[in-house]
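Subject: Structure handover

Hello,

I am passing this structure on to you. Please open it, then read the notes below alongside it.

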Amino acid sequence: MKNSINIFTNYFPPEKCAAANRMNNLAIALLDRNYKINIITSMPNYPYGKVFKEYRKRIYKYENMNNLNIYRLWIYPSNSKNIFIRLFSMFSFSLSLFFFLPNLFFLKGKYNLIQGHPLISTFVSIVICKKILRRKVILNISDIWPLSGLELGYFKKNYMYKILKFIEKKNYNLSDKIIVQSEETKIYLNDKFDKESFLYMNLPNHSFKKNIVDKYDNNSIKIFYAGLLGHAQGIAKLCRAINFDSLDIEFHIFGDGGEAKEIKKISNKTNNIIFHGMTDQKDLLKKIIDFDYGLVALASKIYGAFPSKIYDLINLSIPILYVGEGAPGDMIKKYNIGWTINSNDYVKLNKIFKEIKNLSKEEYLKIVEKMNDLSDNKYCFNKQIIDFENFCNEL
């Protein structure tokens, strides 16, 4: 058995989101490489803003899942748009960390990996690890906060924003190493804070492969979207703008979020928009493997954001329809593994849907072959995890 590694994260399964999946995949991969893994996390509550039923009325719960030691701490969850309630929610987990501090003295690790959002609980975790426990810290940055919040309209450039910017800088400066999920974030850290980082892509750790040699039929196209259903994704607006019935294309939607009820109402009025709601990840993989295209959407450009769904689709060899701007679209164009459409350009999206209806099996197979090659080489999870371990061993 190698050394222990402690992972601090607000998000972890059974929650279903990119951050939870990323931390879980990494934890299992390190476990397979003979590390002992301790997860310090909150009671699961995302995306509902309520603690899951089986974890309610608890301030602490220990679990062993897949040989991962999981320590779940009390949190006051909230989906409120009120900034003060959201701040209290962040402080609540930070408070739990301080009460859990005596236990952390016994959870010694080679290093502590800390998820970089929310900023406040991240800062508390870093201070505890660096200043009190005197341990090495690796900070994981998936989104650039508070810049992302500013671009999404959650913040204005006021006093609160300045405080969060101060905390952001402290988090970077106190960390021994930083891992990021996009090249844009690497550039941001280097230019703004003179900090080097390691690009850790949220690659899936599974080996599902699409077999479409005999299945592909452009007369019965099936597209799916799986993920958060919120304003930032704009799926409800897309459903209102595109007539899938007249296109004779099925659009299947998996997920939950603020727009879920609206999307369900839209699906009830049309034949070809099918709303499935939240689905377990294993069941989801079994279902989507037979779909023809995967849709990924960002309603507005968020600097540094790179939807991990794109890596999932590459791994599954499912051609991509990306509605958004920035680096994700550039990558799809570079490798010719799908189509990119600017956010809210539903005229072009409608043309793309008509185009794929006329795509031959041979043309479709060429895209799939390119995705297979990327999955086996450039975007191979096992190769990445070796590079990640080497990066961490430099501490």
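Which strand order does the open sheet of eight strands have? The order is E3-E4-E2-E1-E5-E6-E7-E8, and the pairing is mixed. Strands E3 (60-65) and E8 (198-199) stand at the edges with a single partner strand each, so one side of each has no neighbour in the sheet.

Some ground rules before the rest. This is a predicted model: local features need pLDDT of at least 70, side-chain atom pairs count only at pLDDT 80 or more, and totals for chains, interfaces and linings use all residues. Residues are numbered from 1 along each chain as its sequence is written, and side-chain values use heavy atoms, with hydrogens and water left out. Helices (H or I, at least four residues) and strands (E, at least two) are DSSP runs, numbered from the N terminus. Two strands pair if DSSP finds at least two bridges between them.

Start at strand E1 (residues 4-9). E1 pairs with E5 in the parallel sense, over four bridges. Here phenylalanine 8 stands opposite isoleucine 114 of E5.

Next comes E6. Strand E5 (residues 111-115) runs parallel to E6, and four bridges join them. Isoleucine 114 is found again here, opposite leucine 139 in E6. Between E5 and E6 the chain passes through helix H4 (residues 119-132), and this β-α-β crossover is right-handed. Right-handed means that, with the strands pointing away from the viewer, the path from the first strand over the helix to the second runs clockwise.

On its other pairing, E6 meets strand E7 (residues 177-180), again parallel and over four bridges. Isoleucine 138 has lysine 177 of E7 as its bridge partner.

How many residues of strand E6 (residues 137-141) are buried? Five of its five are. Buried means under 20% relative accessible area, exposed over 50%, and partly exposed in between (1.4 Å probe, protein chains only). Both faces of E6 are covered. Val137, Leu139 and Ile141 lie on one side, with Ile138 and Asn140 on the other.

Helix H7 (residues 183-193) lies across E6, E7 and E8, and runs at about 145° to E7. Axes are lines fitted to C-alpha atoms, for helices over the stretch in contact, and angles run from 0 to 180 degrees between N-to-C directions.

Helix H6 (residues 159-174) packs with H7 at an angle of about 100°, their axes 12 Å apart. H6 is therefore roughly perpendicular to H7 (65 to 115 degrees; under 35 is roughly parallel, over 145 roughly antiparallel and the rest oblique). From H6 come Lys165, Glu168, Lys169 and Tyr172; they meet Tyr188, Leu189 and Phe193 in H7. Contact means heavy atoms within 4.5 Å. The residues of this H6 and H7 contact divide into four nonpolar, no polar and three charged. Ala, Val, Leu, Ile, Met, Phe, Trp, Tyr, Cys and Pro count as nonpolar, Asp, Glu, Lys and Arg as charged, and the others, Gly among them, as polar.

**The six-strand sheet**

There is also an open sheet of six strands, ordered E11-E10-E9-E12-E13-E14, with parallel pairing. Its edge strands are E11 (273-277) and E14, and each pairs on one side only. The twist averages 20° from one strand to the next.

Strand E12 (residues 293-297) joins E13 through four bridges, running parallel. Valine 296 stands opposite tyrosine 322 in E13. Helix H10 (residues 260-268) packs on the sheet, where it touches strand E10 (250-254) and E11; its direction makes about 140° with that of E11.

Strand E13 (residues 320-323) and E14 run parallel, joined by four bridges. Tyrosine 322 stands opposite threonine 340 in E14. The chain goes from E13 through helix H13 (residues 327-335) to E14, in a right-handed β-α-β crossover. In strand E14 (residues 338-341), Gly338 and Thr340 point one way, Trp339 and Ile341 the other, and all are buried.

Are asparagine 24 and asparagine 336 buried or partly exposed? Asparagine 24 is buried, at 15% relative accessible area. Asparagine 336 is partly exposed, at 41%.

Asparagine 24 lies in helix H1 (residues 18-32). Leaving out residues up to four places away in sequence, asparagine 24 touches Phe12, Pro13 and Leu68. Asparagine 336 lies in the loop between H13 and E14. Apart from neighbours within four places in sequence, asparagine 336 is in contact with Ile367 and Lys370.

Best wishes
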